[in-house]
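Biologist: I would like to learn how to read a structure like this one. Could you take me through it feature by feature?

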Amino acid sequence: MLKKPKKINILDRKSINYAELDKELKVELSILGGLDIFTNAHVLGVAANTQKICDALDLDYKTTKHCILAAYMHDVGKIRIPSEILQKPGKLTDEEYEIMKKHTVYGYEIVCKYDQFRYLAPVVRGHHENLDGSGYPDGLVDKEITEEAKLIKVADVWDALTQRRQYKEGFPMSKAAEIMLGDVKKGKMGSKYLYYLLIVIVEELAEKNKGNKKELKKAKEDLITLKDLDSIYKQIYDRGYSPRYARMLKKYELSPGYDMSTNTNLLSRTNAKIENLEKVIKENRQELSKLKRECREARRRIKLKERGTYLFGKRVF
Ligand SMILES: [Fe+2]
Ligand SMILES: [Fe+2]
C-alpha cells in the first residue's frame with residue numbers, strides 16, 4: 001500500500017485551515033457550496049482527487065495545502081452563473097455553454113480580490129485550459145499553463161466524469177480513464193497527474209475489494225489502462241519505468257505487459273556493439289598510423305631519388 005500520510009483531511013474543512021480563509025471569501029465559497037448539491041459534492045471531490053495526486057507525488061504540506069485550496073476555489077466563479085444554466089438538467093446550448101465558460105474569468109476576478117489568495121488566481125482561471133491551446137478562457141498552451149492548473153484540471157475532469165450530475169450518470173472509472181487517456185493521446189492533457197491520480201485510485205480499489213473477485217477484476221482492468229498511461233508518461237517525461245507502477249504489478253501479480261529484460265538485453269547488446277566498435281577503431285587507428293608511416297617513408301625515398309645522391313660530385317643513385 002502506498003504510504004499516504006494524512007496530511008489534510010479534506011472532508012473536514014477546518015483541518016485545511018478553513019479558518020484562515022478571508023471571511024468574505026468563505027461566504028463566497030459557502031454560497032458556491034450551497035448552490036446545489038452537485039457543485040458542492042464536485043468541489044469536495046476535486047479537493048479529494050487533488051489530495052490523492054499531491055500525496056502520490058509526495059508534495060510537501062504547504063504545496064498540498066495550496067493545491068487543495070485551489071481545488072476548493074476552482075469553480076468559485078460559478079456563483080455568477082445564472083442558476084437556470086448552472087442547474088440545467090439537460091445539455092447546455094452553445095450559447096449557454098459560452099456563458100458557463102465564463103466561470104473561469106469570474107473565479108479569477110473573485111480570487112483576485114483577496115491579497116492572500118491572489119497567487120491562486122492563475123490556477124482558477126486556467127483550470128479549463130488544454131496543453132494544445134484548445135481550452136478556455138485564454139487558449140493557453142503547455143508552458144503558459146501553471147502546473148497547479150494542470151493538476152487541478154485532472155482532478156476536476158476525473159470528478160466530472162465519474163460523478164453523477166443533474167444531467168448524467170457518472171461513468172465507470174475504466175471508461176473515465178479511457179476518455180482522459182484519449183485527451184492525453186490528443187495532446188490536450190499531460191499524463192503525469194492523471195497517472196498519479198489513477199495509481200492511487202486503482203490501488204485503493206484493489207485494497208478495498210480484496211475479497212471481491214468481480215471488483216478486483218475491474219481494478220485489474222483499470223491497471224491495464226494505467227499501463228498505457230505509464231508508457232505515455234514514460235515517453236513524455238522520459239522518467240523510465242515507474243517504480244510505483246512496478247510495485248503495484250508485483251503486488252497484484254500482474255504481468256507488466258512488456259518485459260524489462262528486453263531493456264537489459266538491449267543495453268548489454270549495445271554495450272557489446274560499443275566494445276566491438278572501439279576495438280575496430282583501435283585496430284584501424286594502428287593500421288592508419290602504420291600506413292601513414294609507410295607513406296612518409298615512400299615520400300622520403302621518392303624525394304631522395306629525385307634529388308639524387310652524389311659522391312665527390314658524381315651521382316651514385
Ligand atoms: Fe470549472
Ligand atoms: Fe470543476
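Biologist: What is the mean pLDDT of the chain?

Modeller: The general idea is that pLDDT is the predictor's confidence in each residue, from 0 to 100. Here the chain has a mean pLDDT of 77, and 75% of its residues reach 70 or more.

Biologist: Where is the pLDDT below 50?

Modeller: One such stretch is residues 1-22, with 29 contacts beyond near neighbours in sequence. Two residues are in contact if their C-beta atoms, placed from the backbone, lie within 7 Å. Over residues 256-263 the pLDDT also stays under 50, and the model has three contacts beyond four places in sequence for that stretch. Where pLDDT is low, the predicted coordinates should not be read in detail.

Biologist: How many helices and strands does the chain have?

Modeller: Both come from DSSP runs, numbered from the N terminus: helices are H or I with at least four residues, strands are E with at least two. This chain has 13 helices and two strands. Of the contacts with a separation of 6 or more, 64% are between residues 24 or more positions apart.

Biologist: At what angle do helix 3 and helix 8 pack?

Modeller: Two packed helices are described by the angle between their axes and the distance between the axes. The axes are lines fitted to C-alpha atoms, for helices over the stretch in contact, with angles from 0 to 180 degrees between N-to-C directions. For helix 3 (residues 61-73) and helix 8 (residues 147-162) the angle is about 55°, and the axes are 10 Å apart. The two helices are therefore oblique to each other; angles under 35 degrees count as roughly parallel, over 145 as roughly antiparallel, 65 to 115 as roughly perpendicular and the rest as oblique.

Biologist: Which residues of helix 3 and helix 8 meet?

Modeller: C67, A70 and A71 in helix 3 meet E148, L151, I152 and A155 in helix 8. By class, the residues of this contact are six nonpolar, no polar and one charged. Nonpolar covers Ala, Val, Leu, Ile, Met, Phe, Trp, Tyr, Cys and Pro, charged covers Asp, Glu, Lys and Arg, and the others, Gly among them, count as polar.

Biologist: And how does helix 8 pack with helix 10?

Modeller: Helix 8 and helix 10 (residues 192-208) have an angle of about 50° and axes 9 Å apart. That makes helix 8 oblique to helix 10. On the helix 8 side, K150, L151, V154, A155 and W158 meet Y193, L194 and L197 in helix 10. This contact divides into seven nonpolar residues, no polar and one charged.

Biologist: Is F117 buried or exposed?

Modeller: A residue is buried if 20 or more other C-beta atoms, placed from the backbone, lie within 10 Å of its own, exposed if 12 or fewer, and partly exposed in between. F117 has 21 such atoms within 10 Å, so F117 is buried. F117 sits in the loop between helix 6 (103-112) and helix 7 (121-126), and its C-alpha is 8.9 Å from that of A70, 47 residues apart in sequence.

Biologist: Where is V76 found?

Modeller: V76 is in the loop between helix 3 and helix 4 (83-86). V76 is buried, with 25 other C-beta atoms within 10 Å.

Modeller: The bond joining Y136 and P137 is cis, with omega about 10°. P137 lies in the loop between helix 7 and helix 8.

Biologist: What is phi of D58 near?

Modeller: D58 is a residue other than glycine with a positive phi, near 55°. D58 is in the loop between helix 2 (37-56) and helix 3 and counts as exposed, with 12 C-beta neighbours inside 10 Å.

Notes
Residues are numbered from 1 along each chain as its sequence is written. Chains are lettered from A and ligands numbered from 1 in the order in which they are written. This is a predicted model: local features need pLDDT of at least 70, side-chain atom pairs count only at pLDDT 80 or more; totals for chains, interfaces and linings use all residues.
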